[in-house]
Amino acid sequence: MSVHGWVAAAFCAVGLFFSLTGAIGIVRMPDVYTRIQCSSKTITMGAIPFLVALAIAEGPLSTYGSRALVVGILLFIVNPAASHAVARAAYKTGVPMWSGSVVDEVQLRREDESE
Amino acid sequence: MILRVLYTGVWAYAVWLVITWTATAEQLIFGAVLSLLVGLALAPLGDVAAPWRVLDPRRAVALATLLVTCAVRIVRANVSLAHRILAPSRPLRSGMVVVPTTMRTDAGIGATGLVTSLIVDNQIVDVDTDRHVLQYHAVAVPEGDDQQKAEQINAPIERLLARIDRR
């Protein structure tokens, strides 16, 4: 295999590892908010290394490289926006955090204001 | 309005060139016409940054600094979160935190929310534009007062974004 191939394989391995840990995290984390953060992880360090690997293997100035760039930029915008929408909806509808969470400053501020 | 159409059209044409990656006359002309139509359709929605603003050297340096800073923080946060997921004891200190923001425009707050949420330690949940605060869910709630928390979540990113956004 060429040097390009090895570097691309290394990026694929990184993407695979973080996608796997993200998937395990979605199952293992205790509440919806921490699970949302695990799902973000499968994009930022899961999908992006695969796109970098594609650009390296096929050449950054190829059709594949240019489309990987566009898909990467879209993922970087859509992923946090979608996570924000889900997290905000969950909080507004009263989905509780897990019992081990250390603070809810929004609730504390509400209580301070009502006193 | 004409400038908005021009700016939006140039951005759309740049996307067209990257997506098609084909330098034939038909593709280039069709892309130019389509970009002009996109510019006309989207210009009424609001202000658009001129594409050549990124060519200003100081702004380009700030953008490069932001990209490097984000890349480093994204990798560090992902490794840290992977450790929290895989560790048998599941070491979490999660919670909702409220931090002050220096951003005052919709674009500034939006960009801050997107960039800070890419760093997986924190996820933006809500915005209070009257009190100028942001609500985050953090997997490791930072210690200290509001300002110290902001320094660990959004303040460094906001300073870099302000350098890019300056007129």
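User: Which residue does D146(B) pair with in a salt bridge, and how far apart are the closest N and O atoms?
Analyst: D146(B) pairs with R109(A), and the closest N and O atoms are 3.0 Å apart. A salt bridge here is a side-chain nitrogen of Lys or Arg within 4 Å of a carboxyl oxygen of Asp or Glu. This is a predicted model: local features need pLDDT of at least 70, side-chain atom pairs count only at pLDDT 80 or more, and totals for chains, interfaces and linings use all residues. Residues are numbered from 1 along each chain as its sequence is written, chains are lettered from A and ligands numbered from 1 in the order written, and side-chain values use heavy atoms, without hydrogens and water.

User: How many salt bridges over all chains?
Analyst: The count is 10. One of them joins R93(B) and E143(B), at 3.4 Å from N to O. That pair links distant parts of the chain, 50 residues apart. R93(B) is in the loop between α3 and β1, E143(B) in the loop between β3 and α5. R93(B) is partly exposed at 34%, while E143(B) is exposed at 57%.

User: New topic. Which residues touch the most other members of the largest nonpolar core?
Analyst: L66(B), Y136(B) and I157(B), out of 36 residues. Such a core is a set of buried Ala, Val, Leu, Ile, Met, Phe, Trp, Tyr and Cys residues joined through side-chain atoms within 4.5 Å. The largest share, eight residues, comes from α3(B).

User: What does Y136(B) touch?
Analyst: Its contacts include M96(B), V97(B), N122(B) and I153(B), not counting residues up to four places away in sequence. Contact means heavy atoms within 4.5 Å.

User: And N122(B), which strand is that in?
Analyst: Strand β2 (residues 122-128) of chain B. N122(B) counts as buried, at 6% relative accessibility. Among the residues N122(B) touches are Q37(A), H137(B) and A138(B).

Conventions: Buried < 20%, exposed > 50% of the residue type's maximum accessible area, 1.4 Å probe, protein only. Helix = DSSP H or I, 4+ residues; strand = E, 2+ residues; numbered from the N terminus.
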